[in-house]
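Please look at the sequence and the 3D structure below before reading on.

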Amino acid sequence: MREVLDLTKAMADGNRLRVLMALTGGELCVCQIVELLQLAPSTVSKHMSILRQAGLVEGRKDGRWMYYRLCSREASKTVREALAWVRRSLAESPQTVQDQKRLKAILAMDPEEICRRQCGN
């Protein structure tokens, strides 16, 4: 039951759903996620923590950079099915379409420059 509760909590927020849809294209640096959502880094960090606890995303640290990707094939069947349902349900939503366009522009930017700008450096 804990797994289902974690999943429903994670999927009960529009910004977390936006992150899941953005990650369907592959791994993203947290600064790219911050840029997409236009939220404070601390807020994005909390969202990512909830998604990670639910098993929907995995993270890796590379130096000072934190990267996230969708769960691996080793995730539980419940997690994989929940993620597939979200992807099917939101694939053509106006927000997803808009985010995909914005993400394309973000991916064309230098991640280090994005991070410096967000940190005020």
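## About the model

This is a predicted model, in which local features need pLDDT of at least 70 and side-chain atom pairs count only at pLDDT 80 or more, while totals for chains, interfaces and linings use all residues. Residues are numbered from 1 along each chain as its sequence is written, and side-chain values use heavy atoms, with hydrogens and water left out.

Helices (H or I, at least four residues) and strands (E, at least two) are DSSP runs, numbered from the N terminus. A residue is called buried under 20% relative accessible area, exposed over 50%, and partly exposed in between, with a 1.4 Å probe and protein chains only. Contact means heavy atoms within 4.5 Å.

Two packed helices are described by the angle between their axes and the distance between the axes. Here axes are lines fitted to C-alpha atoms, for helices over the stretch in contact, and angles run from 0 to 180 degrees between N-to-C directions. The axes of α1 and α5 come within 10 Å and cross at roughly 25°, which makes α1 roughly parallel to α5. Angles under 35 degrees count as roughly parallel, over 145 as roughly antiparallel, 65 to 115 as roughly perpendicular, and the rest as oblique. The contact is made by Glu3, Val4 and Leu7 of α1 together with Thr78, Val79 and Ala82 of α5. These residues divide into four nonpolar, one polar and one charged, where Ala, Val, Leu, Ile, Met, Phe, Trp, Tyr, Cys and Pro count as nonpolar, Asp, Glu, Lys and Arg as charged, and the others, Gly among them, as polar.

## Helices α2 and α4

The helices α2 and α4 pack at an angle of about 70°, with their axes 10 Å apart, and they are therefore roughly perpendicular to each other. Asn15, Arg16, Val19 and Leu20 of α2 make the contact with His47, Met48, Ile50 and Leu51 of α4. By class, this contact of α2 with α4 has five nonpolar, two polar and one charged residues.

Histidine 47 lies in α4 and counts as buried, at 9% relative accessibility. Leaving aside neighbours within four places in sequence, histidine 47 is in contact with Asp13, Asn15, Arg16 and Leu39.

## Helices α3 and α7

Helix α3 and helix α7 (residues 111–119) pack at an angle of about 65°, with their axes 9 Å apart. On the α3 side, Cys31, Gln32, Val34 and Glu35 meet Pro111, Ile114, Cys115, Arg117 and Gln118 in α7. This contact of α3 with α7 has five nonpolar, two polar and two charged residues.

Glutamate 35 lies in α3, which spans residues 30–37, and counts as buried at 10% relative accessibility. Not counting residues up to four places away in sequence, glutamate 35 touches Arg102, Ile106, Ile114, Arg117 and Gln118.

Is aspartate 99 buried or exposed? Aspartate 99, found in helix α6 (residues 94–107), is buried, with a relative accessible area of 5%. Apart from neighbours within four places in sequence, aspartate 99 is in contact with Arg18 and Leu36.

Glycine 25 is found in the loop between α2 and β1 (28–29) and counts as exposed, at 74% relative accessibility. The C-alpha atoms of glycine 25 and glutamine 100 are separated by 9.0 Å, although these residues are 75 residues apart along the chain. Glutamine 38, in the loop between α3 and α4, is also exposed, with a relative accessible area of 53%. The phi of glutamine 38 is near 55°, a positive value in a residue other than glycine; most residues other than glycine have a negative phi.
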